[in-house]
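Here's a quick briefing to read with the structure open.

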Amino acid sequence: MSGTHEFVVVANRLPVDIRTDADGEISWTTSPGGLVTALAPVMQSQDGAWVGWSGSADQSLDPFEADGMQLVPVPLSAKEVTEYYEGFSNATLWPLYHDVIVEPQFHRIWWNSYVEVNKRFAEAAAGVAAQSATVWVQDYQLQLVPEMLRRLRPDVRIGFFDHIPFPPVELFGQLPWRQRVIEGLLGADVIGFQRTGDAANFLRAVRRFTDHGTRGQRITIGQHWNRPERHVRVGTFPISIDSAKVDALARTEQIEQRAAQLRAELGDPDVLMLGVDRLDYTKGIRHRIKAFGELVAEKKMTVPRTALVQVASPSREQVEQYKTLRQEVEVMVGNINGDHGSWGRSAIYYMHHSYPFEEMVALFRAADVMLVTALRDGMNLVAKEYVAARPDLGGVLVLSEFAGAADELGQALLVNPHDIEGMKAAMIKAATMAPAEKRRRMRTLRKRVLENDVQGWAQKFLAVLQNMPQRSTHV
């Protein structure tokens, strides 16, 4: 039985933050994520539905409307949050897909929960999608949904986008349920990745672990479930940001004044370096702090003439590896500040908080050097936000070659974050770069980021999906 919505997004989280007050009244505020920005116009124009979890365990909510979108909550029990979300999604898939920076854990009970929750998401999507609707499934938490949805609704077009890296086959092969995951993804008509390397890794995995034929970026699924053969398109669609919005905000007098105020509060250093990350082991925060600490110890940079601000927003604080990472980072910062700071002046200003976006844009405007040194990252939108926030053409971006953004932002200073000496050299080059070279590099970076925004990303993916052949309406 089909629903009424021509366009359906399926994501782990709803695009709103839901609050329940003391009287049990429920209210919501729109989440500030780029995915919402990209898809809201499509949702509103096509009476779209968004299927996702509210973010709270054991909370059952009826569908409701928000910002012209129909929101369809999928409930998760506390046990499922532990096993499906914190367990399989973030302690199995996340480390496995990020180069096994920490060891992934393989537990059958987590996998069983992942299957059950993916089934619930697929059933919710099947229930609201109109006949021949377009359904776009998002990210690694829901890799089984495309196949499950195709079994339920062979009439709909299905897209899947992987926001994080897809690992080399030698790493992906460790997953005990590797074939099930691949078959789950192959339920989609179009599978999108951030980088050409990710798409190539997936195609290799298909060839290694299935009998499906591949030719170029096309996979042929033979006669299956009493239906004729079909084709799956694999493509590269690098995600972006609402760059015009960031650019406009960065030009306001309020942001310029706040940027100047921030520099003053930090003691007006000659060079202000900035890192902005979720506190995650993939982000290379320890490597960055180590490199900065060595530069200060070697007197190649001096405090307080140079300062580093590190914003590390809380992330997955119930997962043991994240607790350990926080302790390690705080000890490193404390030691460097103890050795090289002075009364009222730190070498590193460490902020373990989340901040409003306006404050982050002011920080971007204030910083002379932006350090994005991820060990592995699907894209890293902070790098693009920094570029969009510099209409003054000031600032230098130091960017890990292992972040997806490196494929597009070649005028940044690209670094291997495992190479501490190389990072130190890049940080010195960034801090001492001539103004003319800064402007030349930033002008090129801004052209790329402003021309390729998040709406363009969504339009390109959906255009490819719409061009796929319409499916049969019978099972």
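Is strand E17 (residues 396-400) largely enclosed by the rest of the structure or left open, and why? Keep in mind that this is a predicted model. Five of the five residues of E17 are buried, so the strand is largely enclosed by the rest of the structure.

- Strand E16 (residues 369-372) runs parallel to E17, and four bridges join the two. For a place to look, Val372 has Leu399 as its bridge partner in E17.
- E16 and E17 also belong to a right-handed β-α-β unit, with helix H13 (residues 381-388) as the helix.
- Strand E18 (residues 413-415) runs parallel to E17 too, joined to it by three bridges. Here Val398 stands opposite Leu413 in E18.

**The six-stranded sheet**

- Zoom out and E17 turns up in an open sheet of six strands, ordered E15-E14-E13-E16-E17-E18, with parallel pairing.
- The edges are strand E15 (348-351) and E18; each has a single partner strand, so one side of each is left without a neighbour in the sheet.
- From one strand to the next, the twist averages 20 degrees.
- Helix H14 (residues 420-432) packs on this sheet and touches E13, E16, E17 and E18. The direction of H14 makes about 165 degrees with that of E18.
- E13 and E14 run parallel, with eight bridges joining them.

- The buried residues of H12 are Glu359, Met360, Val361, Ala362, Leu363, Phe364, Arg365 and Ala366.
- What covers them includes helix H8, helix H9 (253-265) and H13, along with strand E13 (271-278), strand E14 (306-313) and E16.
- The axes of H8 (residues 243-250) and H12 (residues 357-366) come within 10 Å and cross at roughly 70 degrees. H8 and H12 are therefore roughly perpendicular to each other.
- On the H8 side, the contact uses Val246, Leu249 and Ala250, which meet Phe357, Glu358, Val361 and Arg365 in H12.
- The residues of this contact divide into five nonpolar, no polar and two charged.

**The ten-stranded sheet**

- Another open sheet has ten strands in the order E5-E6-E4-E1-E7-E8-E9-E12-E11-E10, and its pairing is mixed.
- Strand E5 (64-66) and strand E10 (213-215) sit at the edges with a single partner strand each, so one side of each is left without a neighbour in the sheet.
- Ignoring direction, neighbouring strands of this sheet are turned by 25 degrees against each other on average.
- Inside the order, strand E1 (residues 5-13) pairs with strand E4 (residues 49-53) in the parallel sense over four bridges. Val9 has Trp50 as its bridge partner in E4.

Definitions and conventions
Residues numbered from 1 in each chain as written. Predicted model: local features only at pLDDT ≥ 70, side-chain atom pairs only at ≥ 80, totals over all residues. Heavy atoms only, no water. Buried < 20%, exposed > 50% of the residue type's maximum accessible area, 1.4 Å probe, protein only. Pairing = 2+ DSSP bridges. Right-handed = clockwise from strand over helix to strand, strands pointing away. Axes fitted to C-alpha atoms, helices over the stretch in contact; angles between N-to-C directions. Parallel < 35°, antiparallel > 145°, perpendicular 65-115°, else oblique. Contact = heavy atoms within 4.5 Å. Nonpolar A, V, L, I, M, F, W, Y, C, P; charged D, E, K, R; others polar.
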